[in-house]
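The sequence and structure are shown first.

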Amino acid sequence: QVQLVESGGGLVQAGGSLRLSCAASGLTFSSYAMGWFRQVPGKEREFVAAISWSGSRTYYANSVKGRFTISRDNAKNTVYLQMNSLKPEDTAVYYCAASRVFGSGEYDYWGQGTQVTVSS
C-alpha cells in the first residue's frame with residue numbers, strides 16, 4: 001500500500017531553520033506531483049508548497065514564498081521542505097501529499113504529519 005512518512009519536525013526558535021522530509025513507498029513516485037500542507041488545531045488545512053513530478057515546476061503559498069523551498073529526489077522517493085526564517089505563525093502539523101496532476105489541487109495520498117513548533 002502507499003505510504004508517505006514525514007520526518008524532520010521539531011522545536012526551533014524564531015528565525016531558525018528546519019528541513020522536513022517525506023519518504024514515499026508503494027507508488028511510482030516520479031509520476032506524482034507532491035505537496036506540503038499544514039494545519040493548526042481548530043483551523044482548516046493550509047496549502048504550503050507543491051512540486052511537479054520532475055521538479056521543474058514549483059508553487060508556494062504567499063505566506064511562505066521566499067522562506068520555504070520544496071525539492072525532490074526521485075532516486076530516493078523523497079520530497080523535502082526547507083524552511084528558513086521561521087516564524088511562530090509557522091507552527092503547525094505539516095503533511096506531505098501525492099497528486100497525479102500538478103496544479104489540480106486534488107491529492108490522492110497523505111502522510112501522517114510531523115509537528116513543527118516555532119518559539120518566539
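## Disulfide

Cys96 has a relative accessibility of 0% and therefore counts as buried (buried means under 20% relative accessible area, exposed over 50%, partly exposed in between, with a 1.4 Å probe and protein chains only). Cys22 is likewise buried, at 0% relative accessibility. The model is predicted: local features need pLDDT of at least 70 and side-chain atom pairs count only at pLDDT 80 or more, whereas totals for chains, interfaces and linings use all residues. Residues are numbered from 1 along each chain as its sequence is written, and side-chain values use heavy atoms, with hydrogens and water left out.

The structure holds one disulfide, defined as a pair of cysteine sulfur atoms within 2.5 Å. It is formed by Cys22 and Cys96, whose sulfur atoms lie 1.9 Å apart. The pair links distant parts of the chain, 74 residues apart: Cys22 belongs to strand β3 (residues 18-25) and Cys96 to strand β9 (residues 92-99). Helices (H or I, at least four residues) and strands (E, at least two) are DSSP runs, numbered from the N terminus. The torsion about the S-S bond of Cys22 and Cys96 is about 45 degrees, so the disulfide is right-handed.

## Nonpolar core

The largest nonpolar core has 29 residues, of which Met34, Trp36, Leu81, Met83 and Tyr94 touch the most other members. Such a core is a set of buried Ala, Val, Leu, Ile, Met, Phe, Trp, Tyr and Cys residues joined through side-chain atoms within 4.5 Å. At least two residues of this core come from each of β3, β4 (33-39), β5 (46-51), β7 (68-73), β8 (78-83), β9 and β11 (114-119).

Leaving aside neighbours within four places in sequence, Met83 has contacts (heavy atoms within 4.5 Å) that include Leu18, Leu20, Phe68, Tyr94 and Val116.

## Four-stranded sheet

Four strands form an open sheet in the order β1-β3-β8-β7, with antiparallel pairing; two strands pair if DSSP finds at least two bridges between them. Its edge strands, β1 (3-7) and β7, each pair on one side only.

The antiparallel strands β3 and β8 are joined by six bridges. Arg19 has Gln82 in β8 as its bridge partner.

## Positive phi angles

Most residues other than glycine have a negative phi. Asn77, in the loop between β7 and β8, has a positive phi near 55 degrees. Asn77 counts as partly exposed, at 27% relative accessibility.

Ser85 lies in the loop between β8 and β9 and has a positive phi of about 50 degrees. With a relative accessible area of 41%, Ser85 is partly exposed.
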